[in-house]
Amino acid sequence: MLSWYKDMLLIRRFEEKAGQLYGMGLIAGFCHLYIGQEAVVVGVQGALEEGDQVVTGYRDHGHMLATGMDPNGVMAELTGREGGYSRGKGGSMHMFSRDKNFFGGHGIVGAQVPIGTGLALSNKYKENGKISVTYFGDGAANQGQVYESFNMAKIWDLPVVYVIENNQYAMGTSVKRSSSETHLYKRGVSFNIPGEEVDGMDVVAVNEAAAKAAEHARSGNGPYILEMKTYRYRGHSMSDPAKYRTREEVDDIRSHSDPIEGAKKKILEAGYADEDALKKMDKEIKEIVSDSADFARESPEPNPDELYTDVLIEG
Amino acid sequence: MPIEVLMPALSPTMEEGTLAKWNVKPGDTVSSGDVIAEIETDKATMEVEAVEEGTVGKLLVEESTEGVKVNAVIALLLDEDEDESALDDYTPGEDKPEAQGAASSDESTDESESGSASQKESEKGGEASESSDHKQPERVRHAQPSASDPEIPEGTSMKETAVRDALRDAMAEEMRRDEAVFVMGEEVAEYQGAYKVTRELLQEFGDKRVIDTPITEHGFAGVGVGAAFGKLKPIVEFMTFNFAMQAIDQIINSAAKTLYMSGGQMGCPIVFRGPNGAASRVGAQHSQDYSSWYAHVPGLKVIAPYDAADAKGLLKAAIRDPNPVVFLEHELMYGETFDVPDMEDWVLPIGKAKVRRIGSDLTITAHSRMVGYALEAAETLSQEHGIEAEVIDLRTLRPLDTKTIVDSVKKTNRLVCAEEGWGQHGVGAEIAAVVTAEAFDYLDAPPARVHQADVPLPYAANLEKLSLPGVADIITAAKAVCYVD
């Protein structure tokens with residue numbers, strides 16, 4: 001529980017810093033923050049085994065930190081520097097780490113779903129006992145390729161867990177306005193894929209559901225869908241003024257359902273740690289994040305020679 | 001008059017077939033819908049049903065006869081009120097051109113589906129009208145390997161192979177060699193391939209490695225990309241590249257770009273293959289050349305072979321390549337046969353063009369099916385006008401072998417770029433630009449382009465012929481750049 005708390009706090013502080021750097025002009029382009037949704041990725045990651053793959057869309061900073069990628073490398077990619085995971089050539093939406101089994105970071109809404117399904121196919125083909133966890137949002141849930149993937153995943157009983165991060169808004173369009181069936185966990189029904197709704201603001205509930213889904217997929221029963229009911233506090237991207245919802249709505253969730261505050265309360269109640277210890281932890285995390293920002297600022301821009309590298313694998 | 005039973009066309013491109021078996025004999029009564037015979041084409045064995053009622057009078061074609069032309073009369077049925085004496089009165093209808101197919105080789109009828117070029121030639125009355133698309137000139141069948149190709153050891157025998165079988169052999173050999181190679185696509189396994197290119201792969205490799213997908217191009221292209229990220233080596237077959245438009249986001253945004261966007265981490269060793277270009281009388285949505293679409297994209301390799309040896313050697317190379325490769329085949333070439341070196345491991349270099357005909361007066365570039373037209377045009381130019389064309393088969397469109405092209409133009413000083421697709425922003429436009437930039441001072445005439453008419457491909461036979469580029473168009477363009485009337 002403490003380590004989950006720490007992981008969630010790292011994501012929160014990292015994203016706050018990223019937002020700050022964006023405001024300073026150090027991060028450019030699109031930048032989609034994960035603030036509010038931290039319990040989803042941290043709870044799921046806690047249910048995975050070494051070697052399981054993770055793939056997601058463009059709101060990906062949290063996933064990268066949760067899989068153990070180095071905050072320095074992630075932040076330096078956000079600033080487009082040589083020290084970034086893609087050496088500055090990918091940016092916020094396109095980062096990868098083969099070492100940490102993080103397969104991106106995909107900028108086209110829904111494109112990661114067939115890709116995650118294909119990763120699961122490679123696991124089954126190799127009989128390596130690994131599963132693929134494929135994250136997508138409530139917006140991507142309306143893309144056709146998601147259902148093409150569901151169909152194939154079930155036909156072939158591929159070891160994949162689909163995690164729908166339902167943060168209620170596809171950019172500015174609420175689930176109610178975009179989806180004829182708003183219970184997204186039911187979207188697998190016509191493919192015979194079991195699904196369940198999970199309180200995505202509660203890291204413990206997320207972890208328990210993910211453990212069950214992972215076991216289902218790993219033991220050869222095919223795909224499983226988890227709909228995580230969650231919420232993003234910030235706009236869709238940094239340039240989104242979020243006029244489609246009220247300040248009160250955001251404040252209400254923030255004050256009553258915040259995943260980090262919720263975890264903190266449980267930790268204090270159970271006596272896993274006291275206020276002082278948590279404050280100390282927060283301070284350590286702030287230092288990690290501050291260091292990553294320094295690294296991301298100081299790392300040089302990519303050498304102009306990099307322009308023509310990595311287009312094709314030579315030889 | 002007895003009722004004529006004609007050899008049926010069983011696919012848009014079928015021109016002849018083998019009458020494998022008769023299921024009826026003279027004297028049998030048949031009703032419409034009864035299976036009367038079995039016909040084999042190079043793709044499949046199919047049953048022939050009677051379309052009219054009657055008594056079988058006479059079987060005109062024996063069992064196991066090969067090369068029976070479509071629309072040839074294969075049997076005669078007697079009407080209710082007729083007896084066998086009617087057979088004696090029967091003479092093949094003179095006013096029925098379709099019935100002549102069996103006896104003559106009238107190309108204008110038999111080639112009507114795919115022979116746009118031969119039609120144009122016969123209108124022109126040129127010598128090339130003797131040859132059809134399906135009879136490749138001798139020098140093509142025995143084309144010499146180019147300098148970039150691996151040496152063929154002395155004593156290596158040549159095996160006459162259809163393009164579809166060469167492609168199949170390439171996949172089978174690579175699947176034997178590397179456990180990570182597998183094939184997925186629509187009808188690739190149990191059906192044995194919509195165009196029989198994956199024939200018998202299921203039997204040899206099983207359903208783990210030969211995977212039938214639902215009709216879901218966008219989805220399975222992405223699944224293939226994911227499997228490639230997972231270190232497998234998928235061969236994704238599109239039933240045709242027309243359907244790959246559903247999947248083009250995954251091909252370009254996921255397969256082609258991810259290596260770059262990941263700073264070199266995410267190699268995607270995948271082959272997207274299938275028939276590309278105009279088929280025959282299937283209309284605009286099923287007849288399109290995507291060469292320039294894919295050749296436009298950095299991060300992809302794009303191959304479009306002409307003959308069986310190149311199809312095999314380049315597909316093997318594509319499967320081994322660590323990058324995403326778009327491999328454009330041509331439906332109308334699948335049944336063509338060419339010599340393939342009977343070697344254990346025939347692999348050709350990607351990115352190398354092949355000079356198919358040496359000439360001094362102009363350079364003609366072409367790829368895929370257009371290479372055959374270019375060679376035919378070159379023969380006519382030589383025989384009728386004394387113009388010697390150098391014909392370059394591009395083979396790979398990305399990376400483009402500009403050196404071979406530019407070197408050739410520096411020698412010949414004239415250029416015609418032929419392609420089946422649309423001209424605007426096309427392969428020929430690119431080649432013309434490269435040559436103009438790199439060999440401007442050598443050019444004695446502006447480069448000319450031969451391409452499809454700037455319209456969606458029409459269905460009507462005459463309009464389709466007018467739309468597609470053929471031998472006559474290449475000849476016209478070649479004469480123009482040589483300033484010959």
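Reader: What makes B:Glu179 count as exposed?
Author: In this predicted model, B:Glu179 has a relative accessible area of 52%. The cut-off for exposed is over 50%, so B:Glu179 is called exposed.

Reader: Why is B:Arg209 called buried?
Author: The relative accessibility of B:Arg209 is 7%. Buried means under 20%, so B:Arg209 falls in that class.

Reader: How do you know that B:Arg209 forms a salt bridge with B:Glu179?
Author: The closest N and O atoms of B:Arg209 and B:Glu179 are 3.8 Å apart. The rule asks for a side-chain nitrogen of Lys or Arg within 4 Å of a carboxyl oxygen of Asp or Glu, so the pair qualifies. It links distant parts of the chain, 30 residues apart: B:Arg209 lies in the loop between helix 6 (201–205) and strand 11 (210–212) of chain B, and B:Glu179 in the loop between helix 5 and strand 10 of chain B.

Reader: Which residues are joined into one network by salt bridges that share partners?
Author: B:Glu173, B:Glu174, B:Arg177, B:Lys312, B:Lys316, B:Arg320 and B:Asp345 make up that network. Over all chains, the search finds 46 salt bridges.

Reader: What makes B:Asp178 and B:Lys233 a salt bridge?
Author: Their side chains meet at 2.8 Å, N to O, and the limit is 4 Å. These two also link distant parts of the chain, 55 residues apart, with B:Asp178 in the loop between helix 5 (163–177) and strand 10 (181–185) of chain B and B:Lys233 in strand 12 (residues 233–237) of chain B.

Reader: Why is B:Lys233 called partly exposed?
Author: B:Lys233 has a relative accessible area of 26%. B:Asp178, at 17% relative accessibility, counts as buried.

Reader: How do you know that A:Glu284 and A:Lys280 are separated by about one helical turn?
Author: A:Glu284 and A:Lys280 are 4 residues apart in helix 11 (residues 275–298) of chain A. An α-helix has 3.6 residues a turn, so residues three or four places apart point the same way. The side chains of A:Glu284 and A:Lys280 meet in a salt bridge at 4.0 Å, N to O. A:Glu284 is partly exposed at 36% relative accessibility, whereas A:Lys280 is exposed at 55%.

Reader: Why is helix 7 of chain B called mostly covered?
Author: Of its 13 residues, 13 are buried, each with under 20% relative accessible area. Helix 7 spans residues 217–229 of chain B and reaches 18 Å from its first C-alpha to its last, close to the 18 Å expected at 1.5 Å a residue. Just after helix 7, B:Lys231 takes a positive phi of about 70°.

Reader: What makes helix 5 of chain A mostly covered?
Author: In helix 5 of chain A, 13 of the 15 residues are buried. Helix 5 (residues 112–126) of chain A reaches 21 Å, close to the 21 Å expected. A:Glu127 follows helix 5 of chain A and has a positive phi, near 50°.

Reader: How many residues does the contact take from chain B and from chain A?
Author: The contact takes 45 residues from chain B and 37 from chain A. The two chains bury about 3,400 Å² between them, 64% of it on carbon and sulfur atoms. On the chain B side, B:Tyr260, B:Met261 and B:Gln265 lose the most area to chain A, together 20% of what that side buries.

Reader: How many salt bridges does the rule find across the interface of chain B and chain A?
Author: The rule finds 0 salt bridges there. The count of residue pairs in polar contact between chain B and chain A is 20. The elements giving two or more residues to the side of chain B that touches chain A are strand 10, strand 11, helix 7, helix 8 (248–256) and helix 9 (258–261) of chain B. Helix 7 of chain B gives the largest share, 10 residues.

Reader: What makes strand 1 and strand 3 of chain B edge strands?
Author: An open sheet of 4 strands in chain B has the order 1-8-6-3, with antiparallel pairing. Strand 1 (3–6) and strand 3 (29–30) each pair on one side only. Strand 1 of chain B is joined to strand 8 (residues 73–78) of chain B by 4 bridges, and pairing needs at least two.

Terms used: Residues numbered from 1 in each chain as written. Chains lettered and ligands numbered in written order. Predicted model: local features only at pLDDT ≥ 70, side-chain atom pairs only at ≥ 80, totals over all residues. Heavy atoms only, no water. Expected span 1.5 Å × (residues − 1). Buried < 20%, exposed > 50% of the residue type's maximum accessible area, 1.4 Å probe, protein only. Contact = heavy atoms within 4.5 Å. Buried area = accessible area lost by both parts, 1.4 Å probe. Polar contact = N/O pair within 3.5 Å; in protein donor to acceptor, adjacent residues only side chain to side chain.
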